[in-house]
Amino acid sequence: MKKHTSSFRKNPRTKDGFIMLTVVVIFLMISLGAALSLASIVYRESAVVRNSVRSTQSMYASESLQEDIFYRFVSSKDVPPTVTLTLNGATAEAVVEDLSGTKRITSVGDAENRIRKTEMILETGAGAAFFYGVQAGQGGFVMTNFTQIIGNVYSSGPIIGTNSASITGDVVSAEASGLIDGLDISGSAFAQRIEDSDIGGDAYYQSIFKTDVAGTEYPGSANQSELPLPISDEMVEEWKSVALAGGTATCPYSIGSDVTIGPLYIPCDLSIYDGTVTLTGPVWVDGDVSISGTSVIRVSSTLGSRSVPIIADDESDRASRGRFTLSNSSEYFGSGDDRSYVILLSQNNSAENGGSTKAITMSNSSAGKLVLYAGHGEIELSNNVDLSEVTAYRIRLSNSAIVRYETGLASLTFTSGPSGGYILESLKEVQ
């Protein structure tokens, strides 16, 4: 009798097919598991990234609101008890508390429920705030021969440039007499009239002539308001009183070696021709000041963030005296803190009264942590001068003079004098 054999056993290909199918299924299951595991990792990492981005946005919003409030305080603007800000989808809310002479501002940033909280403490200080690399009064200012301002510029009078004069920030010439003429400006320009200039940002004006504007033009714009200069005569008188109380020098008075002075009243002209002069308090010179040679003027390292003024003021003859003449390679240093400066301040008022006498002249490679101030007079800078800030009734820059604005000037404080506003004591993240 003939035996029958199963075709399954007889056909090895069928057996191999089942094995292959099994392997494929197993492989698919492993691949699916790996894909799910990878997707889970990617999701978790994506969530971490999203959280990090939102947290950073929250922090930026909180800090930006703090900076806005700080600016309002130091520029004497109104600050309500609660301030809010929306920035790139994140919000921040700050609460302002008055704590007997100090302000505590607590700001909470929120980006999709990611919360970051910062705290800022402001203290009242004997000082002033400078928000412009150059600020001129109604006398305006003139720039010639490759001069440069690195920072913003504000003038209550006309601003005129020739021969490649340039300004890297925004430029304002205020009121109906406002004029910007012949300047290369990287930022925006604000004036009644703008002529023969190149504007890298926007232009706000009543009339414009032969000017290239890279940004947006706003014809018919309202004129900017006139701003007061940062240091008042009352502050100057207070510093003079402190200097007078510190003692009176014997005249004639000249310095040719290392010396530490201040507070001090000098009832005659002052000549500094060599050595290092270290300032520990205000100095009032009842006459003219000459600084030459390789002289060094610095603020004492014991004064921290404080700045110190040297004041030239002959009360009996402000039309022709109370002048500074700065030449050669004199250098100027703060205390070592970035917020500390030497202030040279003249009360000469010739320019304000239509005269031609210069309150401060500076030339020949003078440089350093220096602020020049002549609220009633004219300052003239030339020949490779490089300093931090200039404020005067009228200003002239020529022959490669450079002014580089430094942010520390926004909250300048002094060793003595009336309160000039608030200074930043601390800014930190809190829980």
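This is a predicted model: local features need pLDDT of at least 70, side-chain atom pairs count only at pLDDT 80 or more; totals for chains, interfaces and linings use all residues.

Residues are numbered from 1 along each chain as its sequence is written, and side-chain values use heavy atoms, with hydrogens and water left out.

The protein has three helices and 40 strands; these are DSSP runs numbered from the N terminus, with helices being H or I of at least four residues and strands E of at least two. Of its 431 residues, 45% count as buried, that is, under 20% relative accessible area, where exposed is over 50% and partly exposed is in between, with a 1.4 Å probe and protein chains only. Contact means heavy atoms within 4.5 Å. Among contacts between residues at least 6 apart in sequence, 47% join residues at least 24 apart.

Let me turn to Thr118, which lies in strand β4, residues 114–125. Is Thr118 buried or exposed? Thr118 is buried, at a relative accessible area of 1%. Its side chain makes a polar contact with the side chain of Ser62, at 2.7 Å. A polar contact is a pair of N or O atoms within 3.5 Å; within protein, one must be able to donate a hydrogen and the other to accept it, and residues adjacent in sequence count only if both atoms are side-chain atoms. Leaving aside neighbours within four places in sequence, the contacts of Thr118 include Met59, Glu63, Ile105 and Val430.

The second residue is Gly187, in the loop between β13 (184–185) and β14 (189–190). Gly187 is buried too, with a relative accessible area of 11%. Not counting residues up to four places away in sequence, Gly187 touches Thr168, Gly169, Asp170, Ile199, Gly200, Gly201 and Asp202. Gly151 lies 36 residues away along the chain, and its C-alpha atom is separated from that of Gly187 by 9.4 Å.

Finally, the cavities. A cavity is a set of points, on a 1 Å grid over the protein atoms alone, where a 1.4 Å probe fits but cannot get out; lining residues have an atom within 4 Å of a point. There are two cavities of 30 Å³ or more.

Definitions and conventions: On a 1 Å grid over the protein atoms alone, a cavity is a set of points where a 1.4 Å probe fits but cannot get out, and a pocket is an open set with protein on both sides within 12 Å along at least five of seven lines; lining residues have an atom within 4 Å of a point. Grid points are joined across faces, edges and corners, and a volume is the space filled by probe spheres set on the points.
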